[in-house]
Amino acid sequence: MPTGVYVRKNAIGDRLKAGMAADHAAGFAQWLRERRYTPRTIVERLRLLASWTHWARVENYTFAAVREAYGASFALIAAGHCPRFRGDLNQDAVETAKLFVAYLEDRGVLACLPAKPVAPLVAEFAAWAREQRGLAETTLATYLGTILPFVGALGERPAAYDAVTIRAYMTDRARAVSVARMKGISVGIRAFLRFLIATGRCRPGLDHAMPNVAGWQLASIPRFLPDADIARIIGACEGERRLRDRAIILLLVRLGLRASEVARLSFGDIDWRRGSIRLFGKGRREELLPLTQEIGDALLAYIERGRPPLAAPSVFITEYAPLRPIDRISVKCLVKRALKRGGVESHYKGAHILRHSAATAMLRHGVSLTNVGTVLRHRSPAMTAHYAKVDIALLSAIAQPWPGRSPC
């Protein structure tokens, strides 16, 4: 038997007219339609908005205080308190209020809130890293995640930093995180120290006070999937419903793109006449890759028959409401689902394993290390040579006899 709180249609209209959403209900509904919400969902969202605005009106919130009203309602639900209007204020109603605020910001009715403030020193480093070092936003966000705790622990006076305090901080962090995570922390903090040195805020050479994290460069074997597994992943993206997935998977397994590069791909980056794709990789270097027939056909199929009609320069869009350009996390989740559908067993399920697989596949099919490095856009030839470890046939041809005694 269905349960829940039901409100008559005319009651919904009355509440909307009486509440703070009176002048924006129609626009909000249209905004939801543009983001591919179904008609049934839009009706439900309007009902929830009517309930939430009724609660806000009873609590004496006006439209000018719409953000404060949303914050108060969110706090009530998060704290598990039982409000006076149990039927009007619930988690779904608060989520609809959040959507309503997003609509008001998108239409310019409300000014977007500034990002969470950070220490001026860290903010200046972020600007320096973008302008002088060309760091991508994803890389910069990773760096800031390590720098903010560092500044919080040592303070905002770089002149007081010394080797003893830096080593003590790093030693303390090493007790709580893995070796791989510690390497990432070291990279971020070392970049920050170099910024301080370059801007004259601390003594030169202080970056050398950073203790090294134990590890051997290029010592591991590249993780990759064999050709049979790659074929199963591509096969798992067949059909009209998976045109987007197929185009993304082909970009990953044929050209070795990174997840963030796929997410950032825009229509202006594709040159159909010359058959090339423009990318902005690490350091924001502009690079061109070939647009093969297979990838071009997959992109056209998605753009013509699968892409939602959203006015955005990004090629790849989310499939469900609210419509928006995908991000690198979406690409990783897409790969994980494709692995599962294809029945591919792998300990590594992220998008980067397909980049490794693209490199090893090119080597197995006779592509030179130099050309592989060109496609993957490696700065150092040593990084490309890392993939030669998986070419057993080539290694066997150059292997020297063991100088020791023959086995029994």
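**Notebook: a helix pair and a pocket**

I began where Arg 244, Asp 245, Ile 248, Ile 249 and Leu 252 of H11 meet Val 331, Leu 334, Val 335, Arg 337, Ala 338 and Arg 341 of H14 (contact means heavy atoms within 4.5 Å; helices are DSSP runs of H or I, at least four residues, numbered from the N terminus). I sorted the residues of this contact into seven nonpolar, no polar and four charged (Asp, Glu, Lys and Arg count as charged; Ala, Val, Leu, Ile, Met, Phe, Trp, Tyr, Cys and Pro as nonpolar; the others as polar).

This is a predicted model, so I kept in mind that local features need pLDDT of at least 70 and side-chain atom pairs pLDDT 80 or more, while totals for chains, interfaces and linings use all residues. Residues are numbered from 1 along each chain, and side-chain values use heavy atoms, without hydrogens and water.

Next I looked up the angle: H11 (residues 243-255) and H14 (residues 328-341) pack at about 100°, with axes 11 Å apart. The two are therefore roughly perpendicular (65 to 115 degrees).

Then I turned to the second largest pocket, with a volume of about 650 Å³. I found 28 lining residues, with Arg 244, Ile 317, Thr 318, Glu 319 and Tyr 320 nearest the centre (lining residues have an atom within 4 Å of a point of the 1 Å grid, where a pocket is an open set with protein on both sides within 12 Å along at least five of seven lines, and the probe is 1.4 Å). H14 gives the largest share of that lining, six residues.

Key: Axes fitted to C-alpha atoms, helices over the stretch in contact; angles between N-to-C directions. Parallel < 35°, antiparallel > 145°, perpendicular 65-115°, else oblique. Points joined across faces, edges and corners; volume = space filled by probe spheres on them.
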